Amino acid sequence: MIFYQVILVLQILSISVNAERFPSRRGKPIIIDTDVFSDVDDVGSLAIANVLHSYGLADLRGVAVNTHSKYGALAVSVINTYFGNEDIPIAAIRPLTNETFFDSWDFIRGEYAARVAHNWPRSLNDSSTAPTPVKLYRSILSSSEDRSVTLISLGFLTNLAALMDSPPDTITPLGGMALISAKVKELVIMGGQYPSGWEFNFAGADPVSTYHVVNNWPRDVPITYSGFELSRSIFSGERLVEHASPDSPVLAAYQWYVGRCSTARESWDPVTTLYGILGLEECSELGLGHLFAYANEIGRNEVLANGSNAWVNDSSVTNQHWLKLADGVTNTSVSGLLTQLFAHNPLDQSCSAYKLQDIFRYT
């Protein structure tokens, strides 16, 4: 009932703002690294990135897939194409497999990536023709302005570890570490628990890469962590069927994955993506105040060989943080915002203002 009130208020208060009002705005350059396959919140994240890309708040320069199923890159292409951004480059990790998802943990969740890939238009016909993530990263970063690109990691850190270890090549004479220091503004990672714990993105599939990236990332490039604890109680996608277009692949993916007539899912990746684009600042174009804040002032993350992590209170490190919601921001208000972004109709060439400060009284 609370969520319905939030959505109702969002609809009443939404103010149509033509994107042409902000022609001089340059979107924030981002690259998304996603494990789209075994959880549907990656689809929600891609929807957010596409909507804010179309509106000019983000400049989605590429999407790298860190899971091996060939259907991952194809599903990404469907989402990008649906939102009119079919030209955004997509990279696929190798080797590629024909694997489809099966929920062997809870025997509840359903497969969505192959279904989405085969039932909606897409610009990528064959995942094997997509570049490797390292090639995509090196190409995009080498042609970007210095310290300009935000990397948003939504899954395993395999691709980022490979980027760090990449040698100079014909794309750029810079090795991976030097290229990151020169071109990356911030690394945003959905992974770990804070101040300490075990989490699947870090420890579940490739803890060796997690250990390498977290412990050896160039110290001059900031890292912000969005932990498991931040979004485990933020359920987005609820009542999506009432607000999304019936032909939306985002809606279909949530219906297939969540199942049992529900579309509500934890928001680990969407929250991370929203921070990756908006940061800590207010967003006047969307009518938003501060959504996020840092939970710490000093210190660094440290990962053990098994992928578990713990925060080290090191006063010499001031550019690593983990996130919390800003004062006054509630889980319900964030979930309402995320859901409305998921449901955005690509035929609508304007973007609504989401005034969370007016919604708080209804949550």
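Predicted model: local features only at pLDDT ≥ 70, side-chain atom pairs only at ≥ 80, totals over all residues.
1. If you want to find the pocket by its secondary structure, look for helix 2 (41-55), helix 8 (200-203) and helix 12 (268-278), the elements that give two or more residues to its lining.

2. The second largest pocket holds about 240 Å³ of space. Its lining has 14 residues, with Lys 28, Ile 277, Leu 278, Gly 279 and Glu 281 closest to the centre. Two or more residues of this lining come from each of strand 6 (184-190) and helix 12. Helix 12 gives the most, with three residues. By class, you will find seven nonpolar, one polar and six charged residues around the second largest pocket.

3. How many residues of helix 12 are buried? The count is 11 of the 11, so the helix is largely enclosed by the rest of the structure. Among these buried residues are Trp 268, Asp 269, Tyr 275 and Leu 278. Just after the helix comes Gly 279, with a positive phi of about 65°. Gly 279 is also one of the residues closest to the centre of the second largest pocket.

4. The structure has one cavity of 30 Å³ or more, and about 30 Å³ of space lies in the largest cavity. Its lining is made up of Trp 217, Pro 218, Arg 219, Val 221, Ile 223, Asn 319 and Gln 320. By class, that gives four nonpolar, two polar and one charged residues.

5. On the cysteines: a search of the whole structure turns up zero disulfides. Is Cys 261 buried or exposed? Its relative accessibility is 90%, so Cys 261 counts as exposed. Cys 283 has a relative accessibility of 3% and therefore counts as buried. The cut-offs behind these two calls are under 20% for buried and over 50% for exposed.

6. Three strands form an open sheet in the order 7-13-12, and their pairing is antiparallel. Which strands sit at the edges? They are strand 7 (196-197) and strand 12 (300-303), each of which pairs on one side only. Strand 7 and strand 13 (residues 309-312) run antiparallel and are joined by two bridges.

7. Finally, take a look at Thr 172, which is found in the loop between helix 6 (158-165) and helix 7 (176-183). Although in a loop, Thr 172 counts as buried because its relative accessibility is 6%. What is Thr 172 in contact with, leaving aside its neighbours within four places in sequence? The residues are Arg 138, Ser 142 and Leu 179.

Definitions and conventions. Residues numbered from 1 in each chain as written. Heavy atoms only, no water. Disulfide = S-S within 2.5 Å. Buried < 20%, exposed > 50% of the residue type's maximum accessible area, 1.4 Å probe, protein only. Pairing = 2+ DSSP bridges. Helix = DSSP H or I, 4+ residues; strand = E, 2+ residues; numbered from the N terminus. 1 Å grid on protein atoms, 1.4 Å probe; cavity = no way out; pocket = protein on both sides within 12 Å on 5 of 7 lines; lining within 4 Å. Points joined across faces, edges and corners; volume = space filled by probe spheres on them. Nonpolar A, V, L, I, M, F, W, Y, C, P; charged D, E, K, R; others polar. Contact = heavy atoms within 4.5 Å.
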